[in-house]
Amino acid sequence: MSDDRIEPSPETLLAHKGRHPRDHHGFVNPPVYHGSTVTFPDVATMLSGRQRYTYGRHGSPTTDALEEVLAALEGAEGVVLCPSGLSAVTTAILAVAGAGDHILVVDSVYAPARRFCDGMAKRLGIETTYYDPALGAEIESLIRPNTRAIYTETPGSLTFELQDIDALAAVARRHNLLVVTDNTWATPLFYKPLAHGADISLMAGTKYVVGHSDVLIGTVAAGPRAWKRLKEVRTDLGLSVGPDDVNLSLRGLRTMAVRLARHQESGIAVARWLEDRPEVARVLHPALPSHPQHALYARDFTGASGLFSFVTRPAPMKAVAAMLDGLAYFGLGYSWGGFESLAIVSDPKKIRTATAWADDGHLIRLHIGLENPADLIADLEAGFARFNGALTD
Ligand SMILES: *Cc1c(COP(=O)(O)O)cnc(C)c1O
């Protein structure tokens, strides 16, 4: 970064933060440090604790570079890198709660996070109550004397309910609770949880940070109230991400803004097209005016990424299978955020406990990649022909 005195826009920051070419003979990108052992010039330095790097697990210029870009983008005190998005989720939870504590977790949460709460967190003595994603200030009635945190995900990455983080954070402040937000969908380019009152903003960097479906990584950014504890948890758990994965994440991050702009544009184009299809009962995309919380989206978000769902008219699974199995450009796969389009079919009824899922059609989630959207629409149109054909078989 050549000039820290001006506050750069996010796109500029993605291109410049975490780079110090003069430290590396002028090369644009920092070198990738492979290393477990770090040596010291003498005993005095070793005992002083003042050498910048001391042990591979505790960081390197490579991890510093990625953390520096992310901290600037998130407006965070600091960032911890984790070996997957799920480990970012569990690290954040372990940073805000311990034995005897109670946490409030949104009912639309990423399903493996729920599994952690119901399994390991419970065994460690952390109790979870799931709450309706529509709750704002009303969440106060669920707070107990031992409640420590409110865990949020906005929007939910399967059913796309948005959460009013400002309202939740206002209640959290009054009760001295911390707020955690899984911001994988929007990334800090389109929504900044810490600016809306959250204490921890986490992402599966696996998705849009990496952007190429070839690395798993998690990022946890903390504001002043959570940073110290988060850092301790990273150290105590021995979390470390390999330098090549960090480097690929840094490489992905440099182009995240242009990729997201295209994911957004194509995603909205496909979602609008789906809204007019007779096979579709409803489209769940926060950027569409038909989304029940579109006003909240318009208030808080500066953009939408490429992931959304739609619900089919009631139909047998064989119609859905006929549609999805024959798609040319949509892979059947879960981990989204890469350059390619994806589809899954899912049943939210099986996942939630605090709220009911009333739709009786099938929920199909799409990730709209960087292909030409006209090709994707043609692919889906042929898919609906197979869907309809299977109804009369
Ligand atoms: C994918 C995802 C995760 C987990 O990320 P991994 O890197 O696959 O472990 C967590 N939260 C959300 C919202 C996700 O979409």
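This is a predicted model: local features need pLDDT of at least 70, side-chain atom pairs count only at pLDDT 80 or more; totals for chains, interfaces and linings use all residues.
Select residues 10–254 for domain 1, then 256–392 for domain 2.

**The contact surface**

Next, show the residues where the domains meet. On the domain 1 side, 41 residues are in contact with domain 2, and 41 residues of domain 2 take part in return. Between them, the domains bury about 3500 Å². Carbon and sulfur atoms carry 62% of that area. Now pick out Trp185, Phe190 and Tyr208 in domain 1 and show their side chains. These three lose the most area to domain 2. Together they account for 25% of what the domain 1 side buries.

**Salt bridges and polar contacts**

Turn to the charged pairs. The count between domain 1 and domain 2 is 3 salt bridges. For a salt bridge to zoom in on, select Asp166 and Arg299. Their closest N and O atoms are 3.3 Å apart. Then display the polar contacts: 26 residue pairs link domain 1 and domain 2 in this way, both residues being at pLDDT 80 or more.

**Elements on the domain 1 side**

Which helices and strand of domain 1 each supply at least two residues to the side that touches domain 2? Select them in turn:

- helix H1, residues 10–16
- helix H5, residues 111–123
- strand S3, residues 127–131
- helix H7, residues 187–190
- helix H9, residues 243–254

Finish by colouring this side of domain 1 by residue class. Expect 19 nonpolar, 13 polar and 9 charged residues.

Technical notes:
Residues are numbered from 1 along each chain as its sequence is written. Side-chain values use heavy atoms; hydrogens and water are left out. Domain bounds come from an automatic or database domain assignment. Contact means heavy atoms within 4.5 Å. Buried area is the accessible area (1.4 Å probe) that two parts lose on being put together, summed over both. A salt bridge is a side-chain nitrogen of Lys or Arg within 4 Å of a carboxyl oxygen of Asp or Glu. A polar contact is a pair of N or O atoms within 3.5 Å; within protein, one must be able to donate a hydrogen and the other to accept it, and residues adjacent in sequence count only if both atoms are side-chain atoms. Helices (H or I, at least four residues) and strands (E, at least two) are DSSP runs, numbered from the N terminus. Ala, Val, Leu, Ile, Met, Phe, Trp, Tyr, Cys and Pro count as nonpolar, Asp, Glu, Lys and Arg as charged, and the others, Gly among them, as polar.
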